[in-house]
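These are my notebook entries on a structure that I looked up piece by piece. I wanted to write down what I found in an order that I could follow again later.

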Amino acid sequence: MNVIIVGGGMTGATLALTIASLSRGQLQVSLIEAAEPTREHPGFDARAIALAYGTCQRLQQVGIWPALQHCVTPITHVHVSDRGNSGFTNIRASDYDISALGNVIELHDAGIHLFELLKQSPNIKLYCPAKVNSIERLENSVVVSLNNGEKLTGELLVAADGSHSAIAQACNIPFKRRSYEQTAIIANVLTSEHPQGMAFERFTQYGPLALLPMSEGRSSLVWCHPLEKQSDVNNWSQHEFLQQLQKAFGWRLGKMLETGQRHSYPLALSTASRQISHRLALVGNASQTLHPIAGQGFNLGMRDVMALAQVISIAATSGQDIGSYQVLAQYQQQRQADRETTIGLTDGLVRLFANDYLPLKIGRNLGLKTMERLSPMRDLFARQTLGWVAQSPLAD
């Protein structure tokens with residue numbers, strides 16, 4: 001039996017490796033990716049993501065974590081605050097008897113190490129560089145034609161090709177999309193004080209601002225602004241950008257010294273009407289794209305990956321058709337509650353903290369103060385951000 005995965009980014013590569021691990025050779029994987037990560041490192045401007053504690057646990061269980069753990073930066077403390085108000089809360093790894101709340105990894109490093117594992121796996125065939133020309137879904141199989149003339153046949157097709165998934169669109173999956181009327185500015189910054197494992201989520205007059213600790217004393221910045229300000233912000237000089245960032249963030253990391261290349265993209269909540277169709281499953285951003293507030297999107301996608309790999313591996317072991325509706329419905333059902341909860345949490349935080357209505361400002365300020373003083377309330381929030389959500393145990 002063959003699983004065809006389109007998209008070899010972190011989500012698709014992790015899915016391929018997890019299927020190979022859990023199915024113990026019973027499933028073959030064909031992974032299609034347009035470009036292989038190169039050894040040339042982007043240096044200061046490397047993009048980074050935060051892997052929640054629960055995500056790291058799952059990667060450990062399927063044997064992927066040892067290849068990544070030497071190039072991650074641990075998050076040991078998260079400080080959440082609302083600019084201009086006294087409310088704040090702190091979440092510390094030591095409160096939960098763990099060494100880190102999560103880990104930050106540069107996507108370039110992750111890509112290099114994941115591709116090394118992909119090439120070593122006897123159950124994974126990598127088609128790279130390659131793109132999909134056409135898809136034909138038959139009663140008992142799916143046929144994918146590549147731009148190099150090759151045709152791949154399998155029982156299941158997985159869209160792991162990110163936001164605005166071309167595979168989902170080609171298979172007529174409807175999406176709901178709602179703009180947040182915000183743009184996210186992405187950059188790496190250097191501060192006079194070393195972050196020392198501290199991450200920050202700060203709600204400013206423009207929108208949420210997050211800083212994640214990276215290697216070499218850098219921090220990865222995601223700063224949200226109103227969409228109509230995108231052009232103005234993009235045109236700021238480095239000096240003006242650092243001044244405005246200092247004003248919005250404050251001095252908890254000392255002086256803002258340097259910023260690298262800046263990227264911006266509009267923010268919207270995009271959700272597929274369903275995660276499955278005939279011989280098709282959607283994972284990660286191909287299924288749902290969230291606001292970056294609280295860093296939930298990628299980790300939600302990783303839980304998609306683990307659930308799908310588990311479901312089809314069990315099905316293969318018992319001789320079931322891995323692309324059948326009965327099998328894929330189990331995946332969709334398993335993911336429904338977590339998906340709805342995480343989307344609701346993220347969307348609710350955006351609405352709460354992007355609103356200057358005075359009663360809401362007072363309420364969220366009190367909420368942060370209460371979270372700081374009452375550990376049960378803080379624990380509820382922490383459990384979600386750590387990725388401690390209900391999931392089926394991975395097969396031994």
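Before the entries, I note the terms that I need: a residue counts as buried when its relative accessible area is under 20%, as exposed when the value is over 50%, and as partly exposed in between. I also note that the model is a predicted one.

**Entry on backbone angles**

I looked up Glu216 and found a positive phi of about 60 degrees, although Glu216 is not a glycine. Glu216 sits in the loop between strand S15 (208–213) and strand S16 (218–226). Is Glu216 buried or exposed? Its relative accessible area is 70%, so Glu216 is exposed, given that the word applies to values over 50%.

I then turned to Arg279, another residue that is not a glycine and has a positive phi, here near 55 degrees. Arg279 lies in the loop that runs between S19 and strand S20 (280–282). With a relative accessible area of 3%, Arg279 is buried, because the limit for that word is under 20%.

I also checked a peptide bond, the one from Cys128 to Pro129, and found that it is cis, with omega near 5 degrees. Pro129 belongs to the loop between S8 and strand S9 (132–137).

**Entry on the sheet**

I reminded myself that strands of a sheet pair through backbone hydrogen bonds, either parallel or antiparallel. In this model I followed an open sheet of 6 strands, whose order is S8-S2-S1-S12-S20-S19 and whose pairing is mixed. Which strands are at the edges? They are strand S8 (124–127) and strand S19 (276–277), and each of them pairs on one side only.

Inside that order I picked out strand S1 (residues 2–6) and strand S2 (residues 28–32), which run parallel and are joined by 5 bridges. To see one such partner, I looked up Ile5, whose bridge partner in S2 is Leu31.

**Entry on the cavities**

How many cavities of 30 Å³ or more are there? The count comes to 3, and the largest cavity has a volume of about 70 Å³. I listed the residues that line the largest cavity, among them Asp45, Arg47, Ser220, Gln261 and His263. Strand S13 (residues 175–191) gives the most to this lining, with 3 residues.

How values were computed. Residues are numbered from 1 along each chain as its sequence is written. This is a predicted model: local features need pLDDT of at least 70, side-chain atom pairs count only at pLDDT 80 or more; totals for chains, interfaces and linings use all residues. Side-chain values use heavy atoms; hydrogens and water are left out. On a 1 Å grid over the protein atoms alone, a cavity is a set of points where a 1.4 Å probe fits but cannot get out, and a pocket is an open set with protein on both sides within 12 Å along at least five of seven lines; lining residues have an atom within 4 Å of a point. Grid points are joined across faces, edges and corners, and a volume is the space filled by probe spheres set on the points. Helices (H or I, at least four residues) and strands (E, at least two) are DSSP runs, numbered from the N terminus. Two strands pair if DSSP finds at least two bridges between them. Buried means under 20% relative accessible area, exposed over 50%, partly exposed in between (1.4 Å probe, protein chains only).
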